[in-house]
Structures are given as structure tokens and as C-alpha cells.
Amino acid sequence: PLRLTATGSTDLTEKEISQMVGRVFLTRASVTLRSDILDSPDVFWDDERWEPKYGAIYDYLDVADRVDLLNMRLDVLRDLLDVLNTQLTNRHSSNLELIVIWLIVVEIAISLGSFAVDHLLGAAT
């Protein structure tokens, strides 16, 4: 973000940004989908006398709030990466537009050259 603020652009490639998006997605999935941090461990199904203590520790450590905070931070990262990806897409589109413009200029130059040659040869005969 600092480089983007200072220079208005970034040196990251589309591949690098895509890899970062993938890492953010995997981290978020790991926290919210694959981990058992939000659920009571299976051991409490066998021995329920420990579940109230687990619940008290869970509440004391604010696990749910911490997971929410982590998800919000990952959302901010995802938004930043979306901005960077949009910037790269815009840069790529601009480059393609310049290529099309130059191709049109070359086509006009060839057409004018062909027209001039036809008229010069036509006037000479």
C-alpha cells in the first residue's frame, strides 16, 4: 500500500497478485472452514465434565472475537489485492489500446503509401 500511495503504481505481476489472493483465501478457509477452533473438541463428547471449563477458557480468550478480527483483516487484504489486480487489468487494457492505435496508424500509413504509389505510377503512365 505504501508504494501504491507514493508512486501510484506497483511492481507486482498478475501472477504474484494471484498467488497472494490464493494465500489469503487459503488462510481464511483454514481459519473458518477447516479448523476446529470455533467448535467444541470431540473429546467433550466422551467426557462432558470438561466442556464448561473449555467454554470458560474459550470465552476468556475471546476466541470468536479474535477469529472475527482475523477475518476482517483478511478482508482488508483481499480488498487491497483486488485494487492491485484492477490496476494491473487497467494497465494491460491501456497497453492493448495503444497497440491497436499504433496498428491503425501503421495501416493508415500503408494505405496512404499504397495510394501515393498508385497515383504516382498512374500519373507516370
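Bear in mind as you click around that the model is predicted.

The side chains of Arg 28 and Asp 75 form a salt bridge, 2.0 Å from N to O. Colour helix 2 and helix 5 while you're here: Arg 28 sits in helix 2 and Asp 75 in helix 5, so this pair links distant parts of the chain, 47 residues apart. Asp 75 counts as partly exposed too, with 22% relative accessibility.

Next stop, Arg 78. Its side chain meets Asp 75 in a salt bridge at 3.3 Å, N to O. Arg 78 and Asp 75 are three residues apart in helix 5, which means about one helical turn separates them. Arg 78 is partly exposed, at 37% relative accessible area.

Then pick Leu 74. Leaving out residues up to four places away in sequence, Leu 74 touches Arg 28, Thr 27 and Val 24.

From there, select the largest nonpolar core: Leu 74 and Val 24 again, plus Ile 17, Leu 81, Leu 84 and Leu 88, six residues in all. Helix 2 (14-34) and helix 5 (63-124) are the elements that give two or more residues to this core. Which helix gives the most? Helix 5 does, with four residues. As a general point, nonpolar side chains in soluble globular proteins tend to be buried together.

Note on methods:
Residues are numbered from 1 along each chain as its sequence is written. This is a predicted model: local features need pLDDT of at least 70, side-chain atom pairs count only at pLDDT 80 or more; totals for chains, interfaces and linings use all residues. Side-chain values use heavy atoms; hydrogens and water are left out. A nonpolar core is a set of buried Ala, Val, Leu, Ile, Met, Phe, Trp, Tyr and Cys residues joined through side-chain atoms within 4.5 Å. Buried means under 20% relative accessible area, exposed over 50%, partly exposed in between (1.4 Å probe, protein chains only). Contact means heavy atoms within 4.5 Å. A salt bridge is a side-chain nitrogen of Lys or Arg within 4 Å of a carboxyl oxygen of Asp or Glu.
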